[in-house]
Amino acid sequence: MNSWFNRTVVGAGLTSFLADVGYEMATAILPAFLLTLGLSPDAAARAVGAIEGVADLLSNAVKIAVGWYSDRIGKRKAFVVGGYALTGSAFALCALAAGWPLVLAAKSLAWIGKGLRGPLRNAIITDAVDPAHRGKAFGFHRAGDTLGAILGPLIGLALIEYCLPDSWFTLPDEPYRVVFLITLIPGLGAALTFAALIREQRFTPKPGLRLGASIRSMPANFRRYLVGVGIFGLGDFSHALLTLAATLLLAPAHGAKEAAAIAMGLYAGKNAFGALAALPAGWLGDKFGHKPILLAGYLLGFLTMLGFALLFLTGTASVVWLAVLFAIAGTYLAIEEAIEPAMAADFTPDPATRGTAFGVLATVNGVGDFVASVGVGALFALGGEVAFGAAAALMIVGTAWMMFQTKRD
């Protein structure tokens, strides 16, 4: 507790780095892989939205329950290790996919693993640092996460473009299948790293703790905070759709394969900006207050969606403008993921109920991801400007709620 830069924080950051190398490699190539299976652009958008949304929905089924159960038994680490192992191995199933349903199954298993590990990992990090340094701890964790998210798409891009030439294969989908198998290496490495490096701080179990009572006991300000997170989350869809959007915008001028490669590069650039922003965001939150920094991140999210809506509305296929929007997207996501859990910890001072609190927060985010990903993916049929315009509208409403309806006790 004397230093925020301790073994637990470093171990969690390294674990997230490896995990993101694996599943961001898979996420970056997923839209292009679906197109090689013969889906039309509209069908691919609906499929990506459905895959991301349903995976988030199933993930939510375990988040609150595992958070509450960990509070009840006084243990968290084993669930986190199991969650990383499940996420790290699930994407290999995509190598066998003949259509998008098996991709949906693989992503669902991976995100159930995220549901198992995310809330409890955040509770372990919170317990390991002083309250005055939570923003920096979560910012460091997010930086490790995002560095992996930079390297993963770049590895995927390098493998598809340079290491797995078309001449080696008979069908265009086969190089993507090889990449899905390679994701096993960093994915399972993440589970081993967490198991080896993290020392969980034990706390008093509450064997009589009831889930409903635990949720009802959450502070009123925390519940108001969750409303703002939820409204913003209804517009905050999976960024795999940003990659698909860039591919669709660029394909007429660059061709499908080159457009997909550019989109993967933009996605990696987005993650690079996220890595640069994460630790400074946490530091600024600790110094000036978590709420104003989160509001700044939410506003950047609104500007991202508004910018994409304008690109589709005007038919602009500019790599430069796309690069700017991807950079803003990476920055707002880094702020969101560094500060949201720090604010949740501010509102829940009892360590013995933090598993439940982080489970509730993760579920609210997950429901938002589900609705946003499925909704925005479906709205692509009406035009990208409609889909991104709807996301922007929900984000600004959530920002307004967070500004005026939340405060510390």
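I started with the second largest cavity: α1 and α3 (77–90) each give at least two residues to its lining. For the record, helices (H or I, at least four residues) and strands (E, at least two) are DSSP runs, numbered from the N terminus. I noted the lining residues as Ala19, Gly22, Tyr23, Tyr84, Thr87, Gly88, Phe91, Thr183 and Gly187. The space there comes to about 50 Å³. By class I get four nonpolar, five polar and no charged residues. My classes: Ala, Val, Leu, Ile, Met, Phe, Trp, Tyr, Cys and Pro are nonpolar, Asp, Glu, Lys and Arg are charged, and the others, Gly among them, are polar.

Housekeeping before I go on. This is a predicted model, where local features need pLDDT of at least 70 and side-chain atom pairs count only at pLDDT 80 or more, while totals for chains, interfaces and linings use all residues. Residues are numbered from 1 along each chain as its sequence is written, and side-chain values use heavy atoms, with hydrogens and water left out.

Confidence check: pLDDT (the predictor's confidence in each residue, from 0 to 100) has a mean of 86 for the protein, with 96% of residues at 70 or more.

Next, the cavities as a set. I work on a 1 Å grid over the protein atoms alone: a cavity is a set of points where a 1.4 Å probe fits but cannot get out, a pocket is an open set with protein on both sides within 12 Å along at least five of seven lines, and lining residues have an atom within 4 Å of a point. Points are joined across faces, edges and corners, and a volume is the space filled by probe spheres set on the points. I count three cavities of 30 Å³ or more.

The largest cavity has a volume of about 970 Å³. It is lined by 42 residues, with Lys114, Arg142, Leu333, Glu337 and Asp369 closest to its centre. Elements giving two or more residues to that lining include α2 (41–73), α5 (134–163), α13 (319–347) and α14 (354–379). Which helix gives the largest share? I find α4, with nine residues. The lining splits into 17 charged, 13 nonpolar and twelve polar residues.

Then the largest pocket, at about 200 Å³. Of its 13 lining residues, Ala32, Thr36, Pro172, Tyr176 and Lys257 lie nearest the centre. Here α1, α6 (174–182) and α11 each supply at least two. I logged nine nonpolar, two polar and two charged residues.

Now single residues. Beyond four places in sequence, Thr243 is in contact (heavy atoms within 4.5 Å) with Ala28, Pro31, Ala263, Met264, Tyr267 and Phe326.

Asp286 sits in helix α11 and counts as partly exposed because its relative accessibility is 21%. Leaving out residues up to four places away, Asp286 touches Ala132, His133, Arg134, Gly135 and Lys136.

Technical notes
Buried < 20%, exposed > 50% of the residue type's maximum accessible area, 1.4 Å probe, protein only.
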